[in-house]
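Look at the model below before reading on.

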Amino acid sequence: MTEFFDMLREWPPERVRDLLEGSDCEQAVERALARPVPEAHDFAALLSPAAALRLEPMARRAAALTRQRFGHVLQFYAPLYVSNHCVNSCRYCGFNRRNRVQRRCLTIDEAVAEATVLAEQGFRHILLVSGEDRKAVPVDYFTELTVRLRQLFASIAIEIYPLAEAGYRRLVEAGVDSLTLYQETYLPDLYSRMHPDGPKRDFRFRLESVERAARAGVAFLGIGALLGLADWRVDGFYVGLHARWLLRNYWRQQVSVSFPRLRQASGALIPPCPVDDRAFVQLMIAQRLFLPDAGLVLSTREDAELRDRLIPLAVTRLSAGSKTTPGGYANKADGEPQFEVQDHRSLAAMHERVRQLGFDPVDKDWDCAYHSP
Amino acid sequence: MKALIIAGRTFASRLFIGTGKFASGAQMAKAVESCGSQLVTVALRRVDLARPAEDDPVIAHLDPDKVMIVPNTSGARNADEAVRIARLARQAGGFDWIKLEVTPDPNYLLPDPVETLRAAQLLVKEGFVVMPYINADPVLARRLEEIGTATVMPLAAPIGTNRGLETREMIRIIVEQAQVPVVVDAGLGLPSHAAAAIELGADAVLANTAIATAGDPVAMAQAFAMAVQAAELGLDADPGGERKLASASSPLTGFLR
């Protein structure tokens, strides 16, 4: 098996840019659209400036593929921020250790209280999120919390610092079934500049976390690049390549792609390569055409109007009513959020809206019983 | 055709419906009702067994007097997971019939023959009425029948693809050999595909994506029901055999009479 790290080397950014800007691009887009299963070079064509002129046929195909594979169904989840302590200095992030923000780490009881609020709202899929500080929230913290949450939720996901395989295995044994871990950017030089110190500097350890989690038995793998750090076409290409590589090599796992678009956080840099709505849509539908089976996830980073418009296109999973501050649900915490939520609609309001749009809102699409004796 | 009886229960309709992918529970129920189906499958991963059935977003829409609800183990990646979720369904929901799906590959959702056989053995022993979803593998179908499954459910094409009877020859053999009802499941995209499966000798068909993702799911469900009935009626009418060559109206040996 070729390591994905080595595969990335076969696709240096110059090679990707050549494909994106090639003189043959318009024809390449047509060929890509005609192909039953697009290959990597077709995918580059779909991400290219030339494809921006063909958004409508791409969108129609993306919507049809999504309906056929996933039906008229949208699945909901809620993030639960348990800690904003962080040992890294990511230049774009509000939780950056150098920022003088109010730090908070929920006790297990506090986190359960928060989760109970979410369960009462109707959520059955929960995503536990924390800043990267394994002293503040060690693996034991998540195993203990997961065991307590299993009564309340059908699926428990984590978005925390990268672990060795043994760590993921312990989480799986406790009942974690899903992992979200963004590489942030797949461009190693930019990655180094954005992560000047802390354990996150290790590009490869982060890159291969998802594989370690898969080997440990995590069933659902979520990846993504932060949109705004690099040229979205280039990083989007790598995300698709990574997703397909995971699908081919870890065939028992389900892979999903998220589209976290950077907004300016306090004490953080202004996104150097902002992504406008048109680009955002092109990226999402190109991912769908390249990855017909992947879950595509949309968070409340995006506003209500855009989310509503994207629902019929290619989205399969949405968060709702999110608070990105530890303690934000039960305790009305006023600490620093990781990002400003743009869509404040509750789960109930989202259900209603999704129904109006002709879709079935689904809160439960997994069961903890699959994993536990 | 002889009556369709599965585990002692008679079904008037040979069309079974899967309940995923519909735009709403109400739309699903209307499609089921309009086509007269008497058996629907529901994914356990979607059902909240802790909640009363009348609150469940899928089950609440179905009338258990008119339609039998058979839970499926969709999402199970090995026998242990499938058995665990089936037991839970029986314990919490009182379900004794189970559509067994063991699909370790979450993309094409192709059934794992080894784990399906193992799960079927365990579930049959525990008294479940087991309806296993399988690839169109005649030997596996016989093995499952031997251990006591109530049906076999070979796929026509990969699930959700709407491609029709791509496994025609293998399904023909399964039908020829089977002592239990054969339900052709997965991949049927058009009413004519369903009719073709019945004409091939299948006892029933199960459709979901073709109906749920049609522009008008209720009309499509009716169309499937009519196609199944047409095929059934046609078989009862004893069709003339198929020939490779046209038969000459003036036989060459006619002078011998």
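## Terms and overall build

Helices here are DSSP runs of H or I with at least four residues, numbered from the N terminus. The model is predicted.

Chain A has 15 helices and nine strands. Along the principal axes, the C-alpha atoms of chain A fill a box of roughly 60 × 45 × 40 Å. Of its 373 residues, 55% count as buried. When contacts in chain A between residues at least 6 apart in sequence are considered, 77% of them join residues at least 24 apart.

## Where the chains touch

Contact between the two chains involves 22 residues of chain A and 25 residues of chain B. On the chain A side, the elements that give two or more residues are α5 (55-70) and β9 (360-362). The most comes from α5(A), with three residues. By type, the chain A side divides into eight nonpolar, five polar and nine charged residues.

## The nonpolar core

In soluble globular proteins, nonpolar side chains tend to be buried together. The largest nonpolar core in this model has 201 residues. Those with the most contacts inside this core are A:L46, A:L80, A:I126, A:L128, B:I98, B:V205 and B:F224.

What does B:F224 touch, leaving aside residues up to four places away in sequence? Its partners are B:L15, B:C35, B:P191, B:A194, B:A207 and B:I211.

## Helix α15 of chain A

Helix α15(A) covers residues 347-356, and its buried residues are A:L347, A:M350, A:H351 and A:V354. Seen down the helix axis, these fall within an arc of 105°, so they line one face of the helix. The buried residues of α15(A) pack against β1 (73-83), α6 (108-121), β8 (317-319) and β9 of chain A. Just after α15(A) comes A:G358, which takes a positive phi of about 90°.

## Helix α3 of chain B

Helix α3(B) runs over residues 113-125. At 1.5 Å a residue, its 13 residues should span 18 Å, and the end C-alpha atoms are 18 Å apart, which agrees.

Which residues of α3(B) are buried? They are B:E115, B:T116, B:L117, B:A119, B:A120 and B:L123. The cover over these buried residues includes α2 (79-93), β6 (97-100), β7 (129-134) and α4 (138-147) of chain B. Just after α3(B), B:G127 has a positive phi of about 90°.

Technical notes:
Residues numbered from 1 in each chain as written. Chains lettered and ligands numbered in written order. Predicted model: local features only at pLDDT ≥ 70, side-chain atom pairs only at ≥ 80, totals over all residues. Contact = placed C-beta atoms within 7 Å. Nonpolar A, V, L, I, M, F, W, Y, C, P; charged D, E, K, R; others polar. Buried ≥ 20, exposed ≤ 12 C-beta atoms within 10 Å, placed from the backbone. Core = buried A, V, L, I, M, F, W, Y, C linked by C-beta atoms within 7 Å. Arc of directions from axis to C-beta. Expected span 1.5 Å × (residues − 1).
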